[in-house]
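Colleague: I'm new to this one. Can you walk me through a few spots in it?
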Amino acid sequence: MNAHIDNLLRLADLTGFELTDIDSLLKRLNAPESQTHLLLVMQNVMRALEAIDPLTDVCAGFVGNSAKIEVSLLDQKTLIAGMVTALEADANASLFPEAWFEKSGKQRGIINDHPEWALLILTPASQVFNSDIFWQHAGIVVGCSVLQRSRHRNDIGSEITAACRDLRMIAKGQKELSLLKSVDPGTTLKEFHRRYLLEDGEIHKPLSGVELLVRKVLSQTGKTREGGGGRTIRQIDVEVTPIDDGDEEFEGPQGETRILESIGDENTQNRMRSVGLHPKETQTVRAVSFTEKKSSPTLGFDFADLMRRQDGQVKHISQTNQRSPYRYSSLSRIELAEVARAGFELFTGRGRFVHRGEYEIYAGLLLLLMLWLGRPVEQLLAMRVYINQSTLPKQRKGVLAFLREEEAFVLPIPSPDTRNSLQDDAKRLLYAVGKSSPALVDDSLIVASPVRIKQYIEKLKLPKKKRTQYSELFPEKQREKIVKAMRDALSRINRARRMRITPLRISQTLFDEITQQSGDWVDAYLLTGHAFTITEVAAHYYSVSADVLEKYYHDAAIALRNSIYQYLGVEEQNYYDFHQGVINTGDHGSKLNVKPELIIQLVKHLKHELSAARRLPAGEESYRLVHNCYVAYIAFWVLFATGYRAVNDLIFRLREIDFDTGFLVVSDKDDEMMSQSRVIWLLPELRSQIRCYLEHLSVLQTLLHRHVSLYEHIEDVLSEPESKSPLMFFISDSWQLQKLSPENLKKQVPEFTLPVNTGRHFLRSALRASGVRGELVNAFMGHAQQGQEQFGFFSTLTPTELFRELEPILSKFRLEAGWTVKQGLADGHP
């Protein structure tokens, strides 16, 4: 506290302003106690305020209507300008610690606690430093952050952190600057939210943190947790369940169902905060209590079984929190045969269901579609019916439909969030040079029906929806009653057969069948829409052709049909001989659809640059250029051979490689404890390349002995295993050490305009296309689900087995791309 007061007194003495005014300003900017980077931040605050000065209507939104709101940040420009002038004049004064004026631009250590401060630490080296558009958005975010803190003090969620992180990622090159658009004068804060942060009424995901902050400022919403006293669980609903008087063996709760809610454990809360949400904003059901009668057949069942029997509106938390996936056990073929029989009898009125209700015809069709399409009930209820393919809309994203003439389903294929908006030059590189086919825009697949669905649909009178080309399969006003009729039918089966069939388990059946056919959860996710974290993450790196997905669907549906028909007594001669009349083309999944041709051209370019540098006349500058080209060549080889994540620094250390076995410990998206590190494997040729690189460093050290810091760093790298220095690095024009970051790698190879993570997109898709099973690919990519980790407690997979199977495939990729061992300076100076 004394040091803080001393710092304020020094500032007051330098600037001539009141101590209280300076203290108030630093608090409003959420400055760290140490005041690190003070001058740099104050200069950038001025840039931000000057950028939004013409946006008077936006700035009007920064002034709250509460008596508690202090002076607007915009009204303190005089104070800020005075501080900048005084600090610039006395930047070397002994009154201040030297660290105050360090301009490294490092943000580490203050990002979470001081997000605005971390956002404003931008040096002229940043790609956005001279962008007026960036400073407009930075000024708006800082203005909203000041107002939000003034309103709610410490009682706020993490919307400020999320907003600052979005802009910080743009400043660091991790997101494209083109995401930000120039704000027109006369725009209000409300219009800014609608025009610049939403797309067609939906949140623009790359700027979701900024959208959350601005939305909360507009709605005057702060901390959203309800209650007080540190309560973590509260009751949110009580449902009284009536007893079925005609059921002799009523199952489930007799009287009431109490639903409780919890904010989750610390890890769950941290995950929510990391995406800019307060834990309360993603509350879901955590517990349900029941009042049972003693004769209930559910008595003595465990909690999971009880949960499966409840009404569909009561959801277990795992159904919405996909980070903790919970899969019900698969239904047996006997149970599935009962579902198919019930669907048929509901629709036709045969058997015990002859006295069917008004909505049971639709309920029967819904059961059949759940079985043969594997889609969630919500999607099936919105299903459309078109006459033929020509009547489909041009934009089919999210459209689930049936084509009468083709007797085929139109399946919406989930499109992963690209997170990498490709610019024109990147698209030319991907498509023209790399000969990739663009991922499908409409994200849909047309597959012939493997069972007779048309005969059911033709019997329904489906009026065409006004001003459209389609009919609704399930009338919108009747859907709730249709679902109730379907659930009642399943309840009758469960009581009569002592089964535990639920809509969710039925719709998950095809997912499991596709997984058995393809060996990969991601294919099943794309075809059915059932998602959990590992499928959505892996799909971001996965490109698969439409004809492959079509085959997976038909193989799975036919296998499921044939096994179910055996229990229904349907003879093989009566199986429906369907015909796939529509040809599906293009690729689904990742928009970075990388083909081998792109890597071939990249390798040729890197080799050419290295050879050109080696032909330069001998001298320190040529040595520097050779080293940088050499590092770029090896770095890209590592990326495309291992799937190394380009999250921050492409760093691994010499001690983490076992040259005898080729194993390398990777912790590319982890904390310092490396609790989620994984083992990957390096090809023998890549190990030889790293050995050549070490010889190159030894020669380089002798040639650059005048540059002491570089000499000492190389000495440290070569002093393994004690060293903690990264193995690879660049040398700047000013002969300073530059870390091997994604930004610096792209600066070294500016012709490669695609994201540095392209190697992961190529590897996952190429390994799967080569027939490698999904479990091995996920383990290699760092997407292993619990139980699949190498050396894991429940795993039967070892690294040796993994890479024994991968070695011939990875070797083939190397030969096709043209990666070969290259020399640096070790075989003679350039």
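Colleague: Which strand is L664 found in?

Modeller: L664 sits in strand β13, which covers residues 663-666. Keep in mind that this is a predicted model.

Colleague: And is L664 buried or exposed?

Modeller: L664 has a relative accessible area of 0%. Buried means under 20%, so L664 is buried.

Colleague: What is L664 in contact with, leaving aside its neighbours within four places in sequence?

Modeller: L664 touches F652, E656, I657, R678, V679, I680 and L682. As for F652, it is 12 residues from L664 along the chain, and the C-alpha atoms of the two are separated by 8.7 Å.

Colleague: Switching to rings. How many aromatic pairs does the structure hold?

Modeller: There are 18 aromatic pairs. One of them is formed by F640 and F762, with 6.2 Å from centre to centre and 55° between the planes, and that pair is tilted.

Colleague: Where do F640 and F762 lie?

Modeller: F640 belongs to helix α25 (residues 620-642) and F762 to helix α29 (residues 758-769), so their pair ties together parts that are 122 residues apart in sequence.

Colleague: Buried or exposed, those two?

Modeller: F640 is buried, at a relative accessible area of 6%. F762 also counts as buried, with 7% relative accessibility.

Colleague: Which residues form an aromatic cluster?

Modeller: F663, W681, F780 and F803 form one.

Colleague: Now helices. At what angle do α13 and α23 pack?

Modeller: Helix α13 (residues 333-348) and helix α23 (residues 546-568) pack at about 80°, and their axes are 9 Å apart. Angles of 65 to 115 degrees count as roughly perpendicular, so that is how α13 and α23 are described.

Colleague: Which residues make that contact?

Modeller: From α13 it is R333, I334, L336, A337, A340 and R341, and from α23 it is L560, S563, I564, Y567 and L568. By class, the contact of α13 with α23 has 8 nonpolar, 1 polar and 2 charged residues.

Colleague: What about α7 and α10, how do their axes cross?

Modeller: The axes of α7 (residues 132-152) and α10 (residues 208-219) come within 10 Å and cross at roughly 50°. That makes α7 oblique to α10. The crossing of α7 and α10 is left-handed.

Colleague: Which residues are in contact there?

Modeller: On the α7 side, V141, C144, S145, L147, Q148 and R151; on the α10 side, V210, L213, V214, K216 and V217. The contact of α7 with α10 has 7 nonpolar, 2 polar and 2 charged residues.

Key. Residues are numbered from 1 along each chain as its sequence is written. This is a predicted model: local features need pLDDT of at least 70, side-chain atom pairs count only at pLDDT 80 or more; totals for chains, interfaces and linings use all residues. Side-chain values use heavy atoms; hydrogens and water are left out. Axes are lines fitted to C-alpha atoms, for helices over the stretch in contact, and angles run from 0 to 180 degrees between N-to-C directions. Helices (H or I, at least four residues) and strands (E, at least two) are DSSP runs, numbered from the N terminus. Angles under 35 degrees count as roughly parallel, over 145 as roughly antiparallel, 65 to 115 as roughly perpendicular and the rest as oblique. A crossing is left-handed if the near helix is turned anticlockwise from the far one by less than a right angle, and right-handed if clockwise. Contact means heavy atoms within 4.5 Å. Ala, Val, Leu, Ile, Met, Phe, Trp, Tyr, Cys and Pro count as nonpolar, Asp, Glu, Lys and Arg as charged, and the others, Gly among them, as polar. Buried means under 20% relative accessible area, exposed over 50%, partly exposed in between (1.4 Å probe, protein chains only). Rings of Phe, Tyr and Trp (its six-membered ring) pair if their centres lie within 6.5 Å; planes under 30 degrees apart count as stacked, over 60 as edge-to-face and the rest as tilted.
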